[in-house]
Amino acid sequence: MLKNRIIPCLDVKNGRVVKGINFVDLQDAGDPVEQAKIYSDGGADEICFLDITASNENRDTIYEVVEKTSKKCFVPLTVGGGVRSIDDINKLLNCGADKVSINTAAVQNSKVIEDSSRKFGSQCIVVAIDAKRKDDGWEIFTHGGRNPTGINAIEFASKMENCGAGELLVTSMDKDGTQSGYDIELMQKISSIVNIPVIASGGVGTLDHLVDGIKSGASAVLAASIFHYGTYSVNEAKQYLASKDIPVRI
Amino acid sequence: MRVTIVDYKSGNISSVINSFNEVARDKVNIEVTSDLNKIKSSDKVVLPGQGSFKGCIDGLNSINGLIDTLNEFVLDNKKPLLGICVGLQMFADVGYEEVETKGLGWISGKVSKIDNQNGKYKLPHIGWNQVNIIKESKIFKNIENNSHMYFVHSYEFVPKDKTVTAATTDYSSNIVCAVEKENIFGTQFHPEKSDKTGLKIINNFISI
């Protein structure tokens with residue numbers, strides 16, 4: 001039976017983890033490679049890096065991070081943040097990323113998704129959707145949640161599936177950072193309308209939130225803070241899900 | 001010993017290279033090449049494959065003489081080859097992704113889309129699934145039955161002769177996820193992304 005995935009996400013800036021696990025025994029708490037290794041040894045089903053490097057001159061730092069991590073971690077590695085072109089995707093894959101997550105570029109030009117999924121295969125193209133409630137639906141935002149687009153999130157999800165996306169990483173901007181749980185209605189709507197896997201993101205504060213995320217129809221749950229701050233380990237999360245009869249890899 | 005990973009510009013093979021280097025350390029020489037002479041003279045060959053069946057076959061065909069060299073390596077010299085993902089699928093006679101495409105024909109059968117049962121099963125089949133080992137295979141030495149492996153695919157290999165099947169996985173139906181026919185080995189899952197158990201499978205192949 002296919003297991004539901006738990007994906008810890010690390011925010012990386014200028015090649016360093018800015019929001020990471022605060023373990024005292026870490027030799028270098030800012031080293032993304034070391035943190036990724038802790039997660040994969042702890043049973044993470046995938047690792048996600050979100051590159052939040054703002055300046056262009058430091059953009060290349062992520063490539064080195066990915067290259068080093070992929071030599072130490074033998075679980076799938078997804079990298080997102082600032083991915084604009086086929087060339088960016090190619091570089092990340094060549095460095096050892098297994099999947100690339102694309103947000104702004106997918107909204108601005110859906111051809112990037114069509115072309116990249118044809119060139120590299122759907123399996124490595126993840127479209128990241130940042131959505132915020134508006135009226136009786138959800139609107140998507142680009143540029144790390146800064147720019148409204150007027151585009152309906154549910155329609156966009158469906159369009160991205162048709163363009164060849166292999167997975168959708170859906171983040172609720174209303175919930176992100178609140179630790180009050182995923183936007184379950186959003187996850188349900190998108191999971192039920194597309195036939196590709198959905199990764200739920202944004203808002204996890206407790207292990208029950210992960211359970212709710214899976215029950216909403218998502219195939220995987222992504223979380224940052226609860227793992228970063230050591231509230232729970234990945235293994236504890238998995239044991240909890242298993243105790244609630246949710247199939248996970250242990 | 002020399003193990004060659006065939007580089008035919010079809011998808012992302014850096015994870016395959018990293019995992020083989022991790023397992024091989026200094027014991028085995030891992031080479032990544034499309035050089036026909038190097039492939040001929042190696043002891044074992046790894047055939048990775050990502051993207052579509054047609055894309056991968058086109059990739060093989062784009063290197064003059066590569067398919068002949070692989071045929072000779074596998075069929076005449078009977079040396080061990082491991083196909084991964086679409087690498088395994090290409091063993092078939094024919095694939096039906098995008099358009100009907102002729103495969104390598106090493107193991108008789110076809111590659112067709114997984115039945116998603118009207119949307120009940122999401123495709124691609126992405127994530128960790130258990131393998132049901134149904135025959136003793138050299139690559140499953142010391143691998144526990146029902147171990148988890150990482151999968152990413154929408155198409156499945158359906159061999160004519162069921163005795164080549166080494167393992168299946170349950171997704172919509174019992175999908176063939178590992179084959180062994182004499183010197184030909186293949187996994188539908190990605191051992192290079194399947195953590196410690198996956199590395200063990202790679203080690204088993206290197207140790208044949």
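Two strands pair if DSSP finds at least two bridges between them. The legends below apply that criterion to a predicted model.

**View 1. Strand 1 of chain A and its two parallel partners.** Strand 1 (residues 5–13) of chain A and strand 3 (residues 47–51) of chain A pair in the parallel sense, joined by 4 bridges. Within strand 3 of chain A, Phe49(A) is the bridge partner of Leu10(A). Strand 1 of chain A also runs parallel to strand 11 (residues 220–223) of chain A, again over 4 bridges. In that pairing, Arg5(A) stands opposite Ala220(A) of strand 11. Strand 1 of chain A is mostly covered, with 8 of its 9 residues buried.

**View 2. Packing of helix 8 on helix 10 in chain A.** Helix 8 (residues 207–215) and helix 10 (residues 234–243) of chain A pack with their axes 10 Å apart, at an angle of about 55°. Helix 8 and helix 10 of chain A are therefore oblique to each other. Their crossing is right-handed. From helix 8 of chain A, Leu207(A), Leu210(A) and Val211(A) meet Ala237(A), Tyr240(A) and Leu241(A) of helix 10. By class, this contact has 6 nonpolar residues, with no polar and no charged residues.

**View 3. A positive phi at His143 in chain A.** His143(A) lies in the loop between strand 7 (137–142) and strand 8 (147–152) of chain A. Phi of this residue, which is not glycine, is positive, near 50°. His143(A) counts as exposed because it has 12 C-beta neighbours inside 10 Å.

**View 4. The contact between chain A and chain B.** The contact draws 28 residues from chain A and 30 residues from chain B. On the side of chain A that touches chain B, the largest share, 3 residues, comes from helix 3 (residues 86–95) of chain A. By class, that side of chain A has 11 nonpolar, 10 polar and 7 charged residues.

**View 5. The open sheet of chain B and the helix packed on it.** In chain B, 8 strands form an open sheet of mixed pairing, in the order 2-1-3-4-14-13-12-9. Its edge strands are strand 2 (29–33) and strand 9 (132–133) of chain B, each of which pairs on one side only. Helix 1 (residues 14–24) of chain B packs on the sheet and touches strand 1, strand 2, strand 3 and strand 4 (81–84) of chain B. The direction of helix 1 makes about 170° with that of strand 1 of chain B. Strand 1 (residues 2–6) and strand 3 (residues 44–47) of chain B pair in the parallel sense over 3 bridges, and Thr4(B) has Val45(B) of strand 3 as its bridge partner. Buried residues of helix 1 of chain B include Val16(B), Ile17(B), Phe20(B) and Val23(B). Arg25(B), with a positive phi near 45°, follows helix 1 of chain B.

**View 6. A cis peptide bond in chain B.** The peptide bond from Leu123(B) to Pro124(B) is cis, with omega near 0°. Pro124(B) belongs to the loop between strand 7 (109–113) and strand 8 (125–130) of chain B.

**View 7. A positive phi at Asp195 in chain B.** Asp195(B) is found in helix 6 (residues 195–207) of chain B. Phi of Asp195(B) is near 55°, a positive value in a residue other than glycine. Asp195(B) is buried, because 24 other C-beta atoms lie within 10 Å.

Note on methods:
Residues are numbered from 1 along each chain as its sequence is written. Chains are lettered from A and ligands numbered from 1 in the order in which they are written. This is a predicted model: local features need pLDDT of at least 70, side-chain atom pairs count only at pLDDT 80 or more; totals for chains, interfaces and linings use all residues. Two residues are in contact if their C-beta atoms, placed from the backbone, lie within 7 Å. Axes are lines fitted to C-alpha atoms, for helices over the stretch in contact, and angles run from 0 to 180 degrees between N-to-C directions. A residue is buried if 20 or more other C-beta atoms lie within 10 Å of its own, exposed if 12 or fewer, and partly exposed in between; C-beta atoms are placed from the backbone. Ala, Val, Leu, Ile, Met, Phe, Trp, Tyr, Cys and Pro count as nonpolar, Asp, Glu, Lys and Arg as charged, and the others, Gly among them, as polar. Angles under 35 degrees count as roughly parallel, over 145 as roughly antiparallel, 65 to 115 as roughly perpendicular and the rest as oblique. A crossing is left-handed if the near helix is turned anticlockwise from the far one by less than a right angle, and right-handed if clockwise.
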